[in-house]
Amino acid sequence: MPPKSTSGKDKDLAEEDEVLQAVILADSFNKRFKPLTVGKPRCLLPICNATLLDWTFESLALAGVQEIFVICRSYADQVKAAIRDSKWSKPSSGLKIVPIVTAKETFSPGDAMRDIYTHGIITSDFVLVTGDLVSNVRIDEVVRAHKERRRTNKDAIMTMVVKESGAAHRTRSRGETGVFVLDPETSECLHYESVLGYPPTPHIQIPREILAEHPEVEIRYDLIDCSIDVCSVEVPSLFQDNFDYLDIRRDFVHGVLTSDLLIKNIYCYVAKDGYAARVADTRSYDAVSKDILSRWTFPLVPDDNHPGGHSYEHLRGNKYIAKDNSVVLSRTCKIGNNTLIGSHTTIEAGASVHSSVIGQRCTIGPGAILRDAYIFDDTHIGAGCVVEGSIIGERVRLGDRCRVPRGCLIAEGVVISEGAKLRRFERVSKKREAQKAGDGEDADDEEEDSDLEEVEAHQEEAEEIVGKGSNALVWPQGASEDEESIDLREQYNNQRLMRMGDSASDLELSDEGSTTDDVFSDTDTEHSMRSRASSMTSVSGPSLSLNLSDPSAQTSAIHTLSSAAAETEFRSEVAQSLERAFAEGHSVENAAVELKTLRMASNVPLRRVREAVVGALVDRVPLVPGDAAAQRAEIASVVRRWGALVDQIGGVDPVETVEVLQYHCAAAGPGPRQALFAQVLAAFYQQDLVEEDDIRAWHRSPAARGEGLKPGSTLAEGVKRCWAVGAKMIEQFDAESEEESSEEESEEEEEAPKPKPQAKAAAPAKDESESEEESDESIEEGAPASTPAPASRAAAPPAKAPQQQADSESEDDSEESESGESEAPVKPTTTPAA
């Protein structure tokens, strides 16, 4: 009998023992860190006193990667030396790191991927990252999900790691982002479009067939691209077959998803936990540094698992001081929060350091001030210098009283003369002669030489800026002469969005014709959803066009429909909850608990709950046309039973309650529901839900007057009418206050004439009720009519209705008469007693 086949088991064991490979693209292929990268690759720039390449190694080691290929072109000898001298070259590190030097013709990530294919180093699924990654995301989980998917779908060639973020997240690039169209069930990326910061991308095109084939899609503009990809072994060959693939996202991902010939699938892994960001420009350099110091990258923090192998003591306020007792701090220096100080550094008397990173063997002179500064190793800051929001390279010497404002980049070995004052966003490097004599670095990059030649041709003002005796070259500011031939992403104005300290507030980043509302109308939710949807999407030709004109509102615009749907769902659930409470006779306390639970589950403001409750109370009141007394009785019944719910939903705000009531009634339009405003407000007053001072405060507010509403709209006119009714009520309060004071003065002299003011006040009430039968503003009529009634407000309010009805023939009149009962009935109760 032949032995049983074990090929399946052997295959599973082979997959378990398979070495997890990673590829690091060490070159940046851009000039965003110039002149700091003159003579040095970006991946060897330090961040929190460890090179970017070390942070990337640490991120991959944390994810269980065992073999790493570092693909480098520029300064390959420096990269090899850095790997050789790092802790990762030790056998105990558990990593095998192999540097691969690419051809000099490698000018893009696509070229690097073609070199990977040529070398034949990839034998299985691999992790592809850039050499400026800081991450604690469990990439091994992404690899596991990718391999599980590959077992059932061999065309799943890539899984991209992304993270959710807000539009203004500090690690989110302002210069270049992307829109991901995803299948919500499988997370398959159906379409990808790159979005440029400047000039702003007005819209993107989504192929119509995507919408036809997928009944539900997610259009995501809230995702940070972590530049972590899990790729199948065939990905490099696709680059080899398509030489027009230069950029991984703009060309490869977009090209694969839009190709009719390549039937391949790309997926997204939306990381819920962990931290991942690229140090792709000076703005993100500052942001990631702050995140490391604030411990968002834990366990990758300076005092534990520091990639550079340094040891730091973590003090209160996120202060990190080297542990070897080599740091010298003057007793009068000030060290602020979020600060890291490297070993053998001296900070002298009166110096102040806040939110900064200082390298090893640095000297900070007396009285120097550093704010948001990044100082590399072996740098001297002179006495009285001020450095803020800038990056200072290695072995730089700033003379006394120098001023370095925000956004400046000072390259390695520069000497700035005493008293020099740099301009904002100044870039300074060493002169070429000094560089060659001092460093002995061979200029192997012709493009870099041409850059330096162009800089040397514009040194007319250099001495005024850096002072006499300086060895510095001042790089020109503004757009270059060949701006039009440069890729849009690397042009000056778009680069401004990616440089540290530049708000770019003078750039026009939005379309004046595109607006996004921040607040939903309480009464026009459905109309608002329709109008937002129509402004956000327009179907024309073979694609769906999405407007992305306003970068500050792009995330809000993309998610408007889902936000509106969530709010509509919340309103529906609140309505159902209140309907159950009304129908089943729940207690107010139980109804309030259920509403609080809904609010916390939906994460909506308290005002939304108040609007729902007040609206439900008003809508629950049965209308009684032509019978003011019966109408008041219905209102009183509802408010007595459920009015307390308004204050038990999580907070008491009577002024907001009146405003919510006003807008709900005003939105109903001219008619019986709007006419209930005065009567319901009076009922709230009688039940002590609102007080006189609350009504006065509401009446003075801009919202009560309808400020900000479109003039002539139904809502604005309704708000105006309700406000006028409130004015009459306040006049009644004032009149009653004057009457009460006059009665107190005459009470000691005589009591018999007391009924006279009632008759005197009743006469004008009769005239006014005849001349203003259908007016909404007749509060004065009701108050005198209620004066003869000796019953108290707390005893039996409905009993006053017959007396009121004799003086008023319209439903609107009955509203104001109800409000008139607020104070007047209390005063004459002493007369019968006398």
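This is a predicted model: local features need pLDDT of at least 70, side-chain atom pairs count only at pLDDT 80 or more; totals for chains, interfaces and linings use all residues.
Mentor: Let's start with the largest nonpolar core: of its 62 residues, Ile-347, Leu-370, Ile-381, Leu-398 and Ile-416 touch the most other members.

Trainee: What counts as a nonpolar core?

Mentor: A set of buried Ala, Val, Leu, Ile, Met, Phe, Trp, Tyr and Cys residues joined through side-chain atoms within 4.5 Å. Buried means under 20% relative accessible area, exposed is over 50%, and partly exposed is in between, with a 1.4 Å probe and protein chains only.

Trainee: Which residues does the second, separate core include?

Mentor: That core has 53 residues, and Phe-582, Val-639, Val-680 and Leu-681 are among them.

Trainee: Let's do helices. At what angle do H19 and H21 cross?

Mentor: Roughly 50 degrees, and the axes of H19 (residues 628–642) and H21 (residues 672–686) come within 10 Å. Axes are lines fitted to C-alpha atoms, for helices over the stretch in contact, and angles run from 0 to 180 degrees between N-to-C directions.

Trainee: What do you call that arrangement of H19 and H21?

Mentor: H19 and H21 are oblique to each other. Under 35 degrees is roughly parallel, over 145 roughly antiparallel, 65 to 115 roughly perpendicular, and the rest oblique.

Trainee: Who makes the contact?

Mentor: From H19 it's Ala-628, Gln-631, Arg-632, Ile-635 and Val-639, and from H21 it's Leu-676, Gln-679, Val-680, Ala-683 and Phe-684. Seven of those residues are nonpolar, two polar and one charged. Ala, Val, Leu, Ile, Met, Phe, Trp, Tyr, Cys and Pro count as nonpolar, Asp, Glu, Lys and Arg as charged, and the others, Gly among them, as polar.

Trainee: How do H20 and H21 lie to each other?

Mentor: Roughly antiparallel. The axes of H20 (residues 654–667) and H21 cross at roughly 160 degrees and come within 8 Å.

Trainee: And which residues meet there?

Mentor: Thr-657, Val-658, Leu-661, Gln-662, Cys-665 and Ala-666 in H20 meet Arg-673, Gln-674, Phe-677, Val-680, Leu-681 and Phe-684 in H21.

Trainee: New topic: where are the cis peptide bonds you flagged?

Mentor: One joins Tyr-198 and Pro-199, with omega about -5 degrees, and Pro-199 sits in the loop between strands E10 (189–196) and E11 (203–207). Another runs from Phe-298 to Pro-299, with omega near 10 degrees. Pro-299 is in the loop between H9 and strand E16 (312–315).

Trainee: What about Asn-325, buried or exposed?

Mentor: Exposed, at 75% relative accessibility. Asn-325 also has a positive phi, near 60 degrees, though not a glycine.

Definitions and conventions
Residues are numbered from 1 along each chain as its sequence is written. Side-chain values use heavy atoms; hydrogens and water are left out. Helices (H or I, at least four residues) and strands (E, at least two) are DSSP runs, numbered from the N terminus. Contact means heavy atoms within 4.5 Å.
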